[in-house]
Amino acid sequence: MLNRSSAELVLRPASDAVFALLNGRSTLFSEAGQKIFELDRVGAFIWCKLAQGASLEDAHQELRALGIDEHTARQFTRQLVDVWIDRALLEVDWRMPADFAFSAVLGSLRIGVRAANRELLSRLCSLFCVSDQSARGDDDIAIEAMMLDEQVLLRGENSSISRCEVEALAPTVKAHITERLIRSNRWTFSLHAASLVKDGVGLLLCGQPGAGKSTLTLQLVDAGLRYAGDDVALVGADGTICGIPFALTLKEGSWDLLSRLHGDRYDTTHCRADGISVRYVPIPDAHNQSVSASWLIFLNRVESGPAELTAIDQLDSMRRLIGNAFAADGRLSQAGFLALKRIVTGARSLQLTYSEAVEARRVLMDLCNGKA
């Protein structure tokens, strides 16, 4: 893999990195990082080779000529390249094939994805429910993924390079895109909430991690509600909400339910930064527009007992939403507060206490259909 990938990549010292000898000791100065790093003899040798335009494969061959076995040369080089990429000491250029590309629209921003091969593209496509077939070519967020050895190198629209394992590719890209959407000046703030749509109006499921938002969302989609997102809802100044319809994310505890509803179509496992394994389920006909919320549901998952709804007054609802809210600058502004007020005064706020998702689904469907 390294041989093939190295031929497709060009690694060179960053323009702001300076190599210097101080009392015979090899050092690097990073202007961007405002730090000095010391190199050992082999590291200095590899750095100077890259500065001369040599490829990694060229460096490997010359290390072998110096008596270093191939496995050690490759292992040491990879460790150095990882460190230099993480510290922004290396610039990475590559030629991306045009065959493996994908576009989608999330939260009013157009996402463009390009990958080096079909496997990487498949992993990235699993993040999205609906592709964007328009040929505009003016992506707001651009992501490129390329293999280097067993790792993936990622390049964003600001040309910065990061790296991850293949299994972590989709979660890493999802986190990057989500952060960009949250920081978009179109949205006043965001909520940790799953969002669904019934007859043109929204239902928000709010709750802490582990409250069962995604599993319950899968149940409600199966019951006929339209999916709009299972993790983050963007809020406009007018109080409307827009989900981020990434594919539904399910942890291991929900995989049996997933198999019963969809068979083994979505059995590819991804690994998040927190070490949790997840699977992505693209939901057809996902909703990608802003709506007004009619129901605010705060989840209270318990070990046993019937599913029941309890009304919450507007002040309590506001406090709970503020606890679930986050903004780009970490502060809820006055405009954000007023947007929250519009949401709360225009929607019914209820706490759903439940132990079984099937019972919770029945209670919420009764609510949406005017029976509760």
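Arg78, Asp82, Asp86, Asp149, Glu150 and Arg163 are linked in a network of salt bridges, a salt bridge being a side-chain nitrogen of Lys or Arg within 4 Å of a carboxyl oxygen of Asp or Glu. By this rule the count comes to 22 salt bridges. The model is predicted, so local features need pLDDT of at least 70 and side-chain atom pairs count only at pLDDT 80 or more, while totals for chains, interfaces and linings use all residues. Residues are numbered from 1 along each chain as its sequence is written, and side-chain values use heavy atoms, with hydrogens and water left out.

**Salt bridge within a helix**

- Arg78 and Asp82, two members of the network, meet through their side chains in a salt bridge with an N to O distance of 3.9 Å.
- Both residues belong to helix α4 (residues 70-86), where they are 4 residues apart, about one turn of the helix; helices (H or I, at least four residues) and strands (E, at least two) are DSSP runs, numbered from the N terminus.
- Arg78 has 26% relative accessibility and counts as partly exposed, whereas Asp82, at 12%, counts as buried. Buried means under 20% relative accessible area, exposed over 50%, and partly exposed in between (1.4 Å probe, protein chains only).

**Salt bridges between separate elements**

- Side chains of opposite charge can pair when their charged atoms come close.
- Glu144 and Arg114 form a salt bridge in which the closest N and O atoms are 3.4 Å apart. Because Glu144 lies in strand β8 (residues 141-148) and Arg114 in strand β7 (residues 109-115), the pair ties together parts that are 30 residues apart in sequence.
- Of these two, Glu144 is buried at 14% relative accessibility, and Arg114 is partly exposed with a relative accessible area of 31%.
- Asp222 and Arg361 form another salt bridge, with 3.0 Å between the closest N and O atoms. Asp222 lies in helix α7 (residues 213-222) and Arg361 in helix α11 (residues 357-368), so this pair ties together parts that are 139 residues apart in sequence.
- Asp222 is partly exposed, with a relative accessible area of 44%; Arg361 is also partly exposed, at 22%.

**Cysteines**

- The count of disulfides is 0, a disulfide being a pair of cysteine sulfur atoms within 2.5 Å.
- For Cys368, the closest cysteine sulfur is that of Cys206, 14 Å away and therefore too far for a bond.
- Cys368 is buried, with a relative accessible area of 10%, while Cys48 counts as partly exposed at 25% relative accessibility.

**Nonpolar surface patch**

- Ile322, Leu332, Phe337 and Leu338 make a nonpolar surface patch of about 320 Å².
- Patches are made of residues with over 30% relative accessible area and no salt bridge; like charges are joined within 9 Å, and nonpolar side chains (Val, Leu, Ile, Met, Phe, Trp, Tyr) within 5 Å. Accessible areas come from the Shrake-Rupley method with a 1.4 Å probe, and for residues only the protein chains shown count as cover.
- Phe337 lies in helix α10 (residues 334-346) and counts as partly exposed at 40% relative accessibility.

- Ala211 sits in the loop between β12 (201-206) and α7 and is buried, at 9% relative accessibility.
- Apart from its neighbours within four places in sequence, Ala211 is in contact (heavy atoms within 4.5 Å) with Leu299, Arg301 and Tyr354.
- Leu89 is 122 residues from Ala211 in sequence and 42 Å from Ala211 in space, C-alpha to C-alpha.
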